[in-house]
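Have the viewer open as you read.

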Amino acid sequence: MSRIGKLPINLPAGVSVTVNKDNSVVVKGPKGELTQQIDAEIKVSVEENKIVLERPSDQKRHKAMHGLYRSLMNNMVIGVSEGYKIEQELVGVGYRATSKGQLLELALGYSHLIHLEIAPEVKVTAVTEKRANPIITLESCDKHLVGQVAAKIRSFRKPEPYKGKGIKFVGEQLRRKAGKSAGK
């Protein structure tokens with residue numbers, strides 16, 4: 001992980017970074033603002049449009065934290081400048097998704113509808129076109145949060161390996177299994 005930690009993070013135009021006394025880093029950009037608490041032993045410095053993280057020693061713990069916090073900071077910079085987008089596809093007969101503001105309503109073959117309140121930081125849209133599977137799109141500047149919401153939605157009906165029914169990511173290749181073999 002130390003090789004990752006040594007790399008500087010380039011700041012795109014419109015992104016500003018402030019490091020507070022308690023070693024919390026605030027990244028502001030056109031898509032939003034994110035805050036991350038950094039371990040006190042890792043030194044963060046901003047110099048000429050680059051963020052540099054330094055560790056005090058070559059202990060295993062320091063090396064791991066060095067790479068971890070560098071990756072978290074890089075995700076924050078990308079999030080506030082470009083944002084993150086995850087698309088999920090509902091595969092199955094009668095599977096539907098509708099979004100009303102921050103409320104996502106799913107019909108996934110159960111005897112009841114599933115209502116999911118989405119965090120206000122995540123923008124959710126559900127599109128259903130004729131003769132196509134419904135697609136749920138999640139957008140946010142926080143990579144961790146958008147991934148967590150996508151995992152929660154997927155957990156309601158994971159794709160099964162025989163028919164491929166369930167909630168899958170767009171472009172995901174599922175491992176399919178053969179069904180029962182025919183008798184003699």
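## Ground rules

This is a predicted model, so local features need pLDDT of at least 70 and side-chain atom pairs count only at pLDDT 80 or more, while totals for chains, interfaces and linings use all residues. Residues are numbered from 1 along each chain as its sequence is written, and side-chain values use heavy atoms, leaving out hydrogens and water.

## Annotated domain

An unreviewed UniProt entry puts "domain: Large ribosomal subunit protein uL6 alpha-beta" on residues 12-83 and 91-168. Such positions are given in the numbering used here, feature names are shortened, and annotations may be inferred rather than shown by experiment.

Residues 12-83 come out at 31% helix and 36% strand, with the end C-alpha atoms 13 Å apart. Residues 91-168 are 17% helix and 37% strand, and there the end C-alpha atoms are 8 Å apart. Helices (H or I, at least four residues) and strands (E, at least two) are DSSP runs, numbered from the N terminus.

## Nonpolar cores

A nonpolar core here is a set of buried Ala, Val, Leu, Ile, Met, Phe, Trp, Tyr and Cys residues joined through side-chain atoms within 4.5 Å. Buried means under 20% relative accessible area, exposed over 50%, and partly exposed in between (1.4 Å probe, protein chains only).

The largest core has 22 residues, and L90, L104, L106, L108, I136, L138 and I153 have the most contacts inside it. At least two residues each come from β7 (84-91), β9 (103-107), β10 (114-117), β12 (135-140) and α3 (143-155). Helix α3 gives the largest share, 5 residues. Another core, of 19 residues, lies apart from it, with I38, I42, M65 and M73 among them.

R154 sits in helix α3 and counts as buried because its relative accessibility is 18%. Its side chain makes a polar contact (N or O atoms within 3.5 Å; within protein, one able to donate a hydrogen and the other to accept it, and sequence-adjacent residues counting only if both atoms are side-chain atoms) with the side chain of E172, at 2.9 Å.

A119 lies in the loop between β10 and β11 (123-127). A119 and L145 are 26 residues apart in sequence, yet 8.5 Å apart in space, C-alpha to C-alpha.

## Largest pocket

Which residues line the largest pocket? They are L34, T35, Q36, L72, N75, M76, C141, D142, K143 and H144. A pocket is an open set of points on a 1 Å grid over the protein atoms alone where a 1.4 Å probe fits, with protein on both sides within 12 Å along at least five of seven lines; lining residues have an atom within 4 Å of a point.
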